[in-house]
Structure formats: structure tokens, C-alpha cells
Amino acid sequence: MTPVIDPTPALGVQQARNLHLEAQGLLRKPAARPKRASLLAAIERMQLLQIDTIHVVARSPYLVLFSRLGAYPTDWLGDALERGEIFEAWSHEACFVPTAAFALHRAHSDCGGRAGHWADKHAARAQDAQRAGMNAVLERIRAQGPSKASDFEGTRRATSGWWGWKDEKRWLEALFARGELMVARRERFQRVYDLSERVMQRMGVERSAQAVDERAVARRLVLDSVKALGICQARWIADYYRTRPRHKNADLDELVASGELIRVDVRGWDDRAYVHRDHAGLLRRAIAGKLRATHTTLLSPFDPVVWDRARASAMFGFDYTIECYVPEPKRRYGYFVLPVLHRGSLVGRLDAKAHRDEGRFEVKGIHLETGVRPDVRMTEALAVAVQACADWHETPKVTVRRSDPRPFAGELRRALQALRA
């Protein structure tokens with residue numbers, strides 16, 4: 001039954017932020033003791049957990065989950081992959097995805113929805129020029145079982161593209177992008193590849209022989225994107241699954257007419273926004289001011305909340321660039337800068353490094369947003385968040401180097417010392 005909502009309801013920017021954070025699992029402080037089921041629920045809520053290998057602090061998927069779950073054993077993620085509860089796919093980028101969404105992702109790939117992505121382009125070139133090598137890799141895995149790239153003796157390395165990978169690694173990745181191989185598990189975060197049919201059997205799924213309904217796939221991706229985001233403008237939808245083209249309001253008229261999407265106004269936004277009908281109750285609570293943000297945490301640079309620069313700017317007034325890919329002389333804030341979420345707002349960014357051998361968590365710098373005036377409550381909450389992240393890393397000794405504004409570093413140091421007293 002379609003929920004009853006006033007025509008074109010309106011809400012304020014902070015109410016929209018809170019609805020977004022609730023949908024993403026970041027509105028409230030997590031439970032004291034996360035459970036294994038909590039990890040899968042968090043991924044299902046986001047629908048995509050982006051993978052990145054940089055581990056100056058923690059590899060991004062682990063950090064994204066920490067922001068939502070608190071301190072949890074990181075091996076839970078690998079266990080979920082090996083048990084077939086999640087799988088790896090090219091989606092927004094390389095992502096962990098709930099197994100319940102396998103058919104959707106496979107259909108999206110089969111109908112050419114990923115054809116414009118760089119991984120698919122590389123795979124197509126390899127297919128055309130180096131299929132014999134790909135076949136040799138495939139047959140070895142068929143005969144000998146799951147394998148890592150390091151199990152193959154490299155023949156040569158590429159002179160450009162694909163990060164200078166050896167041929168076998170490029171062929172493995174091409175076979176993965178084409179769906180002929182899947183990731184069976186990870187060992188020290190290295191992919192272990194196996195035949196797709198063997199991984200799918202363990203997952204309890206099968207590849208459908210039915211023709212793909214491209215329109216139905218596109219419709220589902222729109223609805224799932226809006227649901228994961230909680231509230232969003234039409235032009236933000238395509239980025240979530242990296243679909244094309246970017247949507248306009250008129251493209252969503254049919255979904256609004258069917259009641260699957262609810263069109264809303266957000267005061268201060270320059271365009272209409274949309275809420276999935278499953279979030280109708282949350283929308284009512286947001287409008288009534290009953291969604292209250294209480295969580296303070298550090299976010300990964302690849303967190304869904306900030307991975308779309310335009311959305312983060314409109315939603316939070318937070319202009320964010322991932323600077324690890326920016327040449328050092330051009331960096332403004334640091335190599336691996338963590339956005340700081342505090343009670344429904346992005347209030348700053350923290351440049352950090354975990355020195356695991358020393359058991360030390362270094363805050364190289366913390367930069368508060370223009371206009372943010374930290375009171376005692378905010379400083380104490382941020383100290384708790386930093387210390388919790390450091391403890392989770394087993395780097396409990398926290399050092400704070402500098403801040404902007406300059407006096408805040410001392411205030412944060414004193415708050416951290418009070419926690420340890």
C-alpha cells in the first residue's frame with residue numbers, strides 16, 4: 001500500500017541531512033557491541049561498500065564500517081566474502097555488494113551498463129588482443145583451483161595503464177571484469193580468483209538464462225540509489241551506481257506517479273529532491289523534527305556520504321576532494337584526510353596516520369570548517385571519536401600536531417588527556 005504523504009512535503013536542510021544519515025546508518029552512535037549480522041546489515045543498507053587499498057589509517061571498506069559499527073573485528077568482512085554473503089563487483093567502483101543483489105548486478109553487466117567504465121574498456125582490449133593469455137590463466141585456475149596474482153610467475157609488466165601490472169594480473173582483472181572469474185576470498189587483502197560458476201555455487205545463486213529487461217534494470221538502480229541515499233536530487237542518482245546519463249526531474253515523473261518515489265522540497269536547495277516510499281515514515285519523522293543526529297565519527301574519504309563532491313557540497317556545505325591522488329605540492333589538507341562528522345554536520349577534516357609498529361595514532365592536522373566554533377561538548381565528542389578510532393587500530397597513543405584554528409590542537413590534546421586520566 002502506498003504511504004500517505006502530503007503533496008510535495010517540505011523540510012529544512014538539516015532535516016534532509018538527518019534523513020540521509022539515518023538511511024546511511026550514521027545518525028546515531030552504534031551499539032556498544034556490534035554483531036556479525038550488523039556488518040552485513042550495514043552493507044545492505046548502503047548497498048555498496050567501495051574498496052580501496054590505501055591503508056595510511058585503515059583500508060577504506062574497514063573504515064566505512066567502523067564509522068557505522070564502532071570497534072569490530074576486521075576479519076568479519078573477509079569471512080562474509082568467503083561465506084558468500086557478499087561478493088565483489090564493479091559498480092560505483094570496485095565494491096563489496098550483498099549477495100541478495102547479485103541478479104541485479106549481473107543483469108546490469110549483461111545489458112552493457114558497465115561498458116563505459118575503465119575496467120570494462122581494459123577488459124575489452126585484453127579480450128581482443130590477448131585472449132590466448134587470458135585462456136591460459138583461466139585453464140590453470142580451472143585445473144588447480146583458486147589463485148592469487150602472486151601465484152603466477154610474471155612474464156612482463158605493462159609499460160602504461162593498469163598500474164604497471166604484470167600480464168597475468170591484467171588478465172585476471174580482465175576475466176573478473178568480464179564475469180568469467182569472481183573473487184572467492186581475500187588473503188592479506190589480495191584477491192583470490194576462482195571460476196565464477198564455483199563461486200556462485202557457494203553463494204547459492206545462478207546466472208539467469210532469461211533475456212535482460214534493460215528498462216527494469218535501470219528502474220531498479222534508480223530506486224535502490226534513492227533508497228540508499230535517503231533523500232537526493234535527480235542529478236545525484238546516476239553517480240551511486242555510475243550509470244548514464246544523469247537523470248532529470250522529468251525522468252522520475254513516472255516513479256512519482258506510481259508512488260515509488262516521493263517528491264519533496266528542501267528549503268535552501270535549488271532543485272526538488274526525492275525519497276523512496278520505504279522511507280515515508282522517516283520522512284514524516286524528519287519533517288516533525290524527530291530525527292536527531294547524535295553521532296560523532298571519522299569518515300573514510302571513500303564513504304558514500306562524501307564520495308560525490310557535488311552532493312556533499314549541497315547537502316552539507318562541505319567541499320571535499322580526495323587529495324591522495326593530488327600531487328603533494330598541490331594538496332591543501334593532506335594525503336588521506338578523514339571528514340569529521342559531528343551531530344549531523346561535517347565540521348572538519350583530519351589528516352591522520354596510524355603508526356602500527358609504534359602503537360601510535362598521529363593526527364598530523366585537523367582543520368575545522370569555516371564558521372565552526374568548537375565548544376567543550378564538540379571537543380570532547382571529537383576526542384572520543386579519535387581515541388575510539390585509534391584504539392580500534394591498536395594504536396592507542398594519540399598525538400596531535402597542529403590544527404586550524406591553531407588553538408584547537410591544544411584543546412583537543414587536553415580532551416584526549418582527560419579521557420586517559
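Analyst: Happy to! Let's start with a hairpin: strand 3 and strand 4 form it, with three residues between them. This is a predicted model, and in it strand 3 covers residues 86–90 while strand 4 covers residues 94–98. The two strands pair in the antiparallel sense, over five bridges. Within that pairing, Phe87 stands opposite Val97 of strand 4.

Now for the side chains. In a regular strand they alternate between the two faces of the sheet. Here, Ile86, Glu88 and Trp90 point one way from strand 3, whereas Phe87 and Ala89 point the other way. Both sets are buried, Glu88 included. Strand 3 is thus mostly covered, with five of its five residues buried.

For a helical counterpart, look at helix 7 (residues 131–144) and helix 8 (residues 167–177), whose axes come within 9 Å and cross at roughly 80 degrees. That angle makes helix 7 roughly perpendicular to helix 8. Helix 7 brings Arg131, Gly133, Met134, Val137, Leu138 and Ile141 to the contact, and helix 8 brings Glu168, Trp171, Leu172, Ala174 and Leu175. By class, that contact has eight nonpolar, one polar and two charged residues.

Finally, the core. The largest nonpolar core has 136 residues, and Leu65, Ile231 and Phe361 are those with the most contacts inside it. Leaving aside residues up to four places away in sequence, Leu65 touches Leu39, Ala42, Ile43, Met46, Leu49, Gly70, Tyr72 and Leu77.

Notes:
Residues are numbered from 1 along each chain as its sequence is written. This is a predicted model: local features need pLDDT of at least 70, side-chain atom pairs count only at pLDDT 80 or more; totals for chains, interfaces and linings use all residues. Side-chain values use heavy atoms; hydrogens and water are left out. Axes are lines fitted to C-alpha atoms, for helices over the stretch in contact, and angles run from 0 to 180 degrees between N-to-C directions. Helices (H or I, at least four residues) and strands (E, at least two) are DSSP runs, numbered from the N terminus. Angles under 35 degrees count as roughly parallel, over 145 as roughly antiparallel, 65 to 115 as roughly perpendicular and the rest as oblique. Contact means heavy atoms within 4.5 Å. Ala, Val, Leu, Ile, Met, Phe, Trp, Tyr, Cys and Pro count as nonpolar, Asp, Glu, Lys and Arg as charged, and the others, Gly among them, as polar. Buried means under 20% relative accessible area, exposed over 50%, partly exposed in between (1.4 Å probe, protein chains only). Two strands pair if DSSP finds at least two bridges between them. A nonpolar core is a set of buried Ala, Val, Leu, Ile, Met, Phe, Trp, Tyr and Cys residues joined through side-chain atoms within 4.5 Å.
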